[in-house]
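This report describes one protein model, starting with the chain as a whole and moving on to helix packing and selected residues.

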Amino acid sequence: MSSYRERLWPAAWMYLVIALIVPATMLVFTPISLIAGVITAAALVAACVGLLIASAPTIAVEDGLLRAGRASIPLDLVGDASAAHGEQARHERGPGLDARAHLVLRGWVDPVLRVEILDPDDPAPYWLVSTRRPEQLAAAIEAERAARPSGA
């Protein structure tokens, strides 16, 4: 059962940026062939949109695990979770970042959640995860940890 689930879909402005492929492609291909330009532009836009959607990670708290993208960790191995917005989030992603941290960041999502890792065998001291609702994610982690007996 999932107590929190969020997909980090790209922001609308990302699709507008991808739309700029059309005039650039037409500028290059129109002198050669208008049809080749239209076909190439359509293929490039479709491929970029597909990659953008396919690469949108899911952040979830379910079945005693914290999942961020393809990575997961049991909740009994995570410590405190702290939310950051605005300037504090920028600091967490930049000057305050530990190079060993596990990152699941998306540039179009400003808030982040920092989750401390308690596993002594894990080289990452914490996970830094982009999320649109960091307080809800932190609360879901705490609720799930409190609901599960230690070692379950």
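## Basis and overall layout

Helices (H or I, at least four residues) and strands (E, at least two) are DSSP runs, numbered from the N terminus. On that basis the protein has 5 helices and 8 strands. From the N terminus on, their order is β-α-α-α-β-β-β-β-α-β-β-β-α.

The model is predicted: local features need pLDDT of at least 70, side-chain atom pairs count only at pLDDT 80 or more, and totals for chains, interfaces and linings use all residues. Residues are numbered from 1 along each chain as its sequence is written, and side-chain values use heavy atoms, with hydrogens and water left out.

## Dimensions and burial

The radius of gyration of the protein is 20 Å, whereas a compact globule of 152 residues would have a value near 15 Å. This radius is taken over C-alpha atoms, and the globule rule is 2.2 Å times the number of residues to the power 0.38. Along the principal axes, the C-alpha atoms fill a box of roughly 65 × 35 × 25 Å.

Of the 152 residues, 35% are buried (buried means under 20% relative accessible area, exposed over 50%, partly exposed in between; 1.4 Å probe, protein chains only). Contact means heavy atoms within 4.5 Å. Among contacts between residues at least 6 apart in sequence, 67% join residues at least 24 apart.

Two packed helices are described by the angle between their axes and the distance between the axes. Axes are lines fitted to C-alpha atoms, for helices over the stretch in contact, and angles run from 0 to 180 degrees between N-to-C directions. Angles under 35 degrees count as roughly parallel, over 145 as roughly antiparallel, 65 to 115 as roughly perpendicular and the rest as oblique. A crossing is left-handed if the near helix is turned anticlockwise from the far one by less than a right angle, and right-handed if clockwise. For residue classes, Ala, Val, Leu, Ile, Met, Phe, Trp, Tyr, Cys and Pro count as nonpolar, Asp, Glu, Lys and Arg as charged, and the others, Gly among them, as polar.

The axes of helix 1 and helix 2 (residues 21–29) come within 5 Å and cross at roughly 5 degrees, so these two helices are roughly parallel to each other. Val17, Ile18 and Ala19 of helix 1 meet Ile21, Val22 and Pro23 of helix 2. This contact comprises 6 nonpolar residues, no polar and no charged.

Between helix 1 (residues 12–19) and helix 3 (residues 34–54), the axes come within 10 Å and cross at roughly 155 degrees, which means that helix 1 is roughly antiparallel to helix 3. The crossing is right-handed. Helix 1 contributes Met14, Tyr15 and Ile18 to the contact, and helix 3 contributes Val45, Cys48, Val49, Leu52 and Ile53. By class, these are 8 nonpolar, no polar and no charged residues.

Helix 2 and helix 3 have axes that come within 8 Å and cross at roughly 150 degrees; helix 2 is therefore roughly antiparallel to helix 3. This crossing, too, is right-handed. On the helix 2 side the contact is made by Ile21, Val22, Thr25, Met26 and Phe29, and on the helix 3 side the residues include Leu34, Ala36, Leu44, Val45 and Cys48. The contact of helix 2 with helix 3 divides into 11 nonpolar, 3 polar and no charged residues.

Alanine 60 is in strand 2 and counts as buried because its relative accessibility is 0%. Not counting residues up to four places away in sequence, alanine 60 touches Tyr4, Arg5, Leu65, Leu66 and Arg67. Its C-alpha atom is 8.6 Å from that of arginine 7, which is 53 residues apart from it along the chain.

Aspartate 63 lies in the loop between strand 2 (58–62) and strand 3 (65–68). Its phi is near 50 degrees, a positive value in a residue other than glycine. Relative accessibility is 47% for aspartate 63, so this residue counts as partly exposed.

## Two loop leucines

Leucine 75 sits in the loop between strand 4 (71–74) and strand 5 (78–84). With 2% relative accessibility, leucine 75 counts as buried. Beyond its neighbours within four places in sequence, leucine 75 is in contact with Val61, Gly64, Leu65, Leu66, Ile141, Glu144 and Arg145.

Leucine 105 belongs to the loop between strand 6 (102–104) and strand 7 (112–117). At 24% relative accessibility, leucine 105 counts as partly exposed. Its contacts, leaving aside neighbours within four places in sequence, are Arg93, Val112, Leu128, Val129 and Ser130. The C-alpha atoms of leucine 105 and threonine 131 are separated by 8.4 Å, with the two residues 26 apart along the chain.
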